Structures are given as structure tokens and as C-alpha cells.
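Reader: I am new to this structure and would like to learn how to read its features one at a time. Could we take them slowly, with the general idea before each case?

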Amino acid sequence: MDYLPRSARLACWFNAWTAGAVALDEAPAKVVADDAAHEVLGLTAEPLSLLLAFGELRRRGAHLLSVALPVPGHPVGLGGPATFNLDALDAGEAVVAWGAGVGLVPEAVGRGVFWTAQPAEPPRALVAPDDAERSLREALLRVGQRLVELDVARWRPEVAGALETVRSAADVPLPPGHSGRAARITALARRCLVIAELALDDDGGSVSSTQSRARRDALVELDSAARHALASACSFGLEAHQRTR
């Protein structure tokens, strides 16, 4: 699971634990993955290990963690208040604990990670996994065609190659209890995010400012759709959740 953003790992394993699909002593280690350690600040007077933080979040009424993956102009997964939104935007990710009124924002310090708790509200608009997958595939078709028309193969051949294989991305193993759809969406979204990151990192090869803007607009559209899809799959990907939505 270390290929996922930390917020996605945290949400997936916490949600699997609350659903009874994994044991409490297993989940925190899966979230930490290759990091040295994770601690949670602000839930109590003293820092908490992830294991103790899971229990404290449940005691506060948390029944679901949802993922936020915001970038400027696209506050994916955020519901406020402004202070939390800004901190999540600075970090590029966060989780929101539904029912507990708090969110957690990560900060990596060396090989350790500190999650800071602060007041937060659930997002106002986070689509269900099936809708997110459909939107992502539609965006991929539109963006792929536009990039072909802009001759992306000459500009960034590795991006063109990734576009050709993106629809066959293998499912990604998620914690027990998650649906095959969630795993499929996660794999596709991660691949699309990598494509967007690669391509947005280098705007070379443009023959005009108009072409450059067209490329960037297409890639930003793909990046946004992928962020929504990944946040949805890792927030609402449990089969039990999907049966009740």
C-alpha cells in the first residue's frame, strides 16, 4: 500500500478496521508502511501512536475516514473550515473523521510522520466510487484524444506510452473488505496521476502558447478526475459502505 498517499492508506485501513474486516493490531502497521513511525497530535494532551489514535477517534464517534487530495483550484475532499482547508492544501492531503468533527493533516519529518488533528467537516461533494470511475474514464478518453491531437508522443514519449496502457492497469490490493471496483479505480487513478505529474512537470515541445495551454488544461482535467476517483475509492470502497450508499 506504500504506493498510495498516506491519507489514502490511513482511510483504507481505519475504515476496514471499523467494519471488522481487519484487526486493530494489523491496521496501524499497514498505514506506517516504509515510514519509521506515525504519531497523532491534538487528539489528547500527549501525542498518540496510530493504534491509540484509532481508539480515540472511535471514542469520539468516528465511523469513517474520508480522503482529501486538494490542489489549488480543486479542493478535493475538503469541507472546511478554512484553517483546515489551507493546512490540507499545503500538505496536499488529509483525512476527515466523519462523526468526530476532526481532520488529520500529515507532515513528514525525516522518516517519521506527524498527523495534526484540528476541527474539520465532511466534504460537501465527494462522489460514490461508481460515479467517480465513470467520470475518470470519460476524462481519460477526452484527454487522451486531445493529447494525441497535440502530438504528445513527440513531446513526451513516456507519457504517450503510459496513455496507451492506462486502461489495462492492474487492480491494486486494498485491505480486506474493499470491493474489486475500489481496487480497479485505485489502480487507474494512480496511473493517471503519474501521467499528469510527468507531463505537467515539463511543458517542452509546445510550438505555441495556445498549444501549451491546451496541453495543460487537458492534464489538469485528468489530474482532477483522478484525485476525485482515488479519494472516492479509498473513502467509500468498502463493500459494506457501497451496499448502504
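Reader: Where do Asp223 and Arg227 lie, and how many residues apart are they?

Author: An α-helix has 3.6 residues a turn, so residues three or four places apart point the same way. Here Asp223 and Arg227 both lie in helix H9, four residues apart, which is about one turn of the helix; helices (H or I, at least four residues) and strands (E, at least two) are DSSP runs, numbered from the N terminus. The side chains of Asp223 and Arg227 meet in a salt bridge at 2.8 Å, N to O, the term standing for a side-chain nitrogen of Lys or Arg within 4 Å of a carboxyl oxygen of Asp or Glu.

Author: This is a predicted model, in which local features need pLDDT of at least 70 and side-chain atom pairs count only at pLDDT 80 or more, while totals for chains, interfaces and linings use all residues. Residues are numbered from 1 along each chain as its sequence is written, and side-chain values use heavy atoms, with hydrogens and water left out.

Reader: Is Asp223 buried or exposed?

Author: Buried means under 20% relative accessible area, exposed over 50%, and partly exposed in between (1.4 Å probe, protein chains only). Asp223 is buried, with a relative accessible area of 13%, and Arg227 counts as buried at 17%.

Reader: Which residues are linked with Glu133 in a network of salt bridges?

Author: The network links Glu133, Arg137, Arg181 and Arg184. Within it, Arg137 forms a salt bridge with Glu133, their closest N and O atoms being 3.3 Å apart, and both residues lie in helix H5, four residues apart. Glu133 is buried, at 8% relative accessible area, whereas Arg137 counts as partly exposed at 27%.

Reader: What does Phe54 touch?

Author: Contact means heavy atoms within 4.5 Å. Leaving aside residues up to four places away in sequence, Phe54 touches Leu10, Trp13, Phe14, Trp17, Leu24, Ala27 and Val31. Phe54 is also one of the buried residues of helix H3 (residues 50-59).
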